[in-house]
Amino acid sequence: MKKRKIDVVVLSDLHLGSSGCHAEELMAYLSSIEPKKLILNGDIIDVRQFNKHYFPVSHLRILKKITSMAINGTEIIYITGNHDDMLRRFSNTFIGNFSIQDELILELDGKKAWFFHGDIFDVSMRYAKWFIKMGGFGFDLLLRLNRILNWCLIKLGNDRYSLAKKIKNSVNNAANYIHNFERTAIKIALAKGYDYVICGHIHQPKKEILETKKGKCTYLNSGDWVENLSALEYSFKRWKIYNYSYDKLAPFFVDEDLKSMELNELISLLETKPVTKKINLRKKRQIN
């Protein structure tokens, strides 16, 4: 299978080492792409739920795959999160194409992008870790039950169903927390003059543009590989949310982005990147 070449891929909340991680699907996705940069935006290894008796081979393969991507030229930036916060003692460590950082600022086609996990907004993570740890065991049990449910649903030919996502979406406090999280991230990004703010942490993949008197900012969340199986992809000067359940390993079609582009954006794209193949706007054609 020919790999899709992507400028930037953002993954977060893989939770390797926990029973909730969909490692096989993640491996399929990583094997289908060839990014210039791979940003791991926190909670990659679930140190808080780590159990020396549970770290499947499929999870180890993910770490090996990421290492091989770095060896083959992909720049890997590991941004620490609340479940792997012990790695923050190694912040600003650079080894070849691999680095560990607490946040990242990139310039993408003339626009500034601010990457960080997002747990800095969560007061409960900093002041009630013991409570979060207790709640984590209950959440882990829920994920185990969910895997059994999804196994049955798939065998019956139905789509996966997320119990955790359903519960979180039905709780008003959770909905308010997510809303406040997103608005806080955007307000701070606008105050700092960033065009994009990219987070993880809340397991809610999203792309939203907010315009205020201070300017315009795009909020992006890469979601997770426990409930949503999602990622962010940046190519052709545009961000796209990738969702494994819907996109599977479908190619990134140029046509889908061209439809929403204004004429001046399309002209700018053609000027900055030479066209080597003819593009038929009437038919979808894969760009490799």
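**Entry: the loop between β11 and β12**

I began with Lys237, which lies in the loop between β11 and β12. The model I am reading is predicted. I looked up the backbone angles of Lys237 and found a positive phi of about 65 degrees, although the residue is not a glycine. Most residues other than glycine have a negative phi. I therefore noted that Lys237 counts as partly exposed, at 28% relative accessibility.

I then checked Phe236. Phe236 is placed in the loop between β11 (230-235) and β12. The phi of Phe236 is near 55 degrees, again a positive value in a residue other than glycine. Is Phe236 buried or exposed? Phe236 is buried, with a relative accessible area of 18%. The cut-off matters here: buried means under 20%.

**Entry: the whole chain**

I counted 9 helices and 12 strands. The chain has 288 residues, and buried ones make up 44% of them.

**Entry: nonpolar cores**

In soluble globular proteins, nonpolar side chains tend to be buried together. I looked for such groups here. The largest nonpolar core has 26 residues. Which of them touch the most other members? They are Leu11, Tyr29, Leu30, Leu40 and Trp225. At least two residues of this core come from each of β1 (4-11), α1 (23-31), β2 (33-41), α2 and β3 (75-79). A second, separate core has 16 residues, including Val8, Ile79, Leu232 and Trp239.

**Entry: His59**

I picked a residue in α2. His59 sits in this helix, which covers residues 57-71. His59 is buried, with a relative accessible area of 2%. I asked what His59 touches, leaving aside its neighbours within four places in sequence. The contacts are Leu16, Gly17, Ser18, Cys21, Ala23 and Tyr54. Leu16 is 43 residues from His59 in sequence, yet their C-alpha atoms are 5.9 Å apart.

**Entry: aromatic rings**

I searched the whole structure and found 8 aromatic pairs. How are the rings of Tyr196 and Trp239 arranged? Their centres are 6.1 Å apart and their planes are at 75 degrees, so the pair is edge-to-face. The cut-off behind this is that planes over 60 degrees apart count as edge-to-face. Tyr196 lies in strand β8 (residues 196-199) and Trp239 in strand β12 (residues 238-243), so the pair ties together parts that are 43 residues apart in sequence. Both members are covered: Tyr196 is buried at 7% relative accessible area, and Trp239 is buried at 5%.

Ring pairs link Tyr29, Trp225, Tyr242 and Tyr244. Tyr29 and Trp225 are already in my notes, as members of the largest nonpolar core.

One charge also sits over a ring. Lys192 lies over the face of Trp114, at 5.7 Å from the ring centre.

**Entry: salt bridges**

Side chains of opposite charge can pair when their charged atoms come close. I found 8 salt bridges in the structure.

I looked up Arg88 and Asp119. Their side chains meet in a salt bridge at 3.0 Å, N to O. Arg88 is in the loop between β3 and β4 (93-95), and Asp119 is in the loop between β7 (111-115) and α3 (123-127). The two are 31 residues apart, and the pair links distant parts of the chain. Arg88 is partly exposed at 31% relative accessibility, whereas Asp119 is buried at 9%.

Next came Glu182 and Lys206. Their closest N and O atoms are 2.9 Å apart, in a salt bridge. Glu182 lies in helix α6 (residues 172-192) and Lys206 in strand β9 (residues 206-212), so this pair ties together parts that are 24 residues apart in sequence. Glu182 is buried, with a relative accessible area of 4%. Lys206 is partly exposed, at 29%.

Lys206 has another partner. Glu208 forms a salt bridge with Lys206, with the closest N and O atoms 3.3 Å apart. Glu208 is buried, at 19% relative accessible area. Which residues join into a network of salt bridges? I wrote down Glu182, Arg183, Lys206 and Glu208.

Conventions
Residues are numbered from 1 along each chain as its sequence is written. This is a predicted model: local features need pLDDT of at least 70, side-chain atom pairs count only at pLDDT 80 or more; totals for chains, interfaces and linings use all residues. Side-chain values use heavy atoms; hydrogens and water are left out. Helices (H or I, at least four residues) and strands (E, at least two) are DSSP runs, numbered from the N terminus. Buried means under 20% relative accessible area, exposed over 50%, partly exposed in between (1.4 Å probe, protein chains only). Rings of Phe, Tyr and Trp (its six-membered ring) pair if their centres lie within 6.5 Å; planes under 30 degrees apart count as stacked, over 60 as edge-to-face and the rest as tilted. A charge sits over a ring if NZ of Lys or CZ of Arg is within 6 Å of the ring centre and within 35 degrees of the ring normal. Contact means heavy atoms within 4.5 Å. A nonpolar core is a set of buried Ala, Val, Leu, Ile, Met, Phe, Trp, Tyr and Cys residues joined through side-chain atoms within 4.5 Å. A salt bridge is a side-chain nitrogen of Lys or Arg within 4 Å of a carboxyl oxygen of Asp or Glu.
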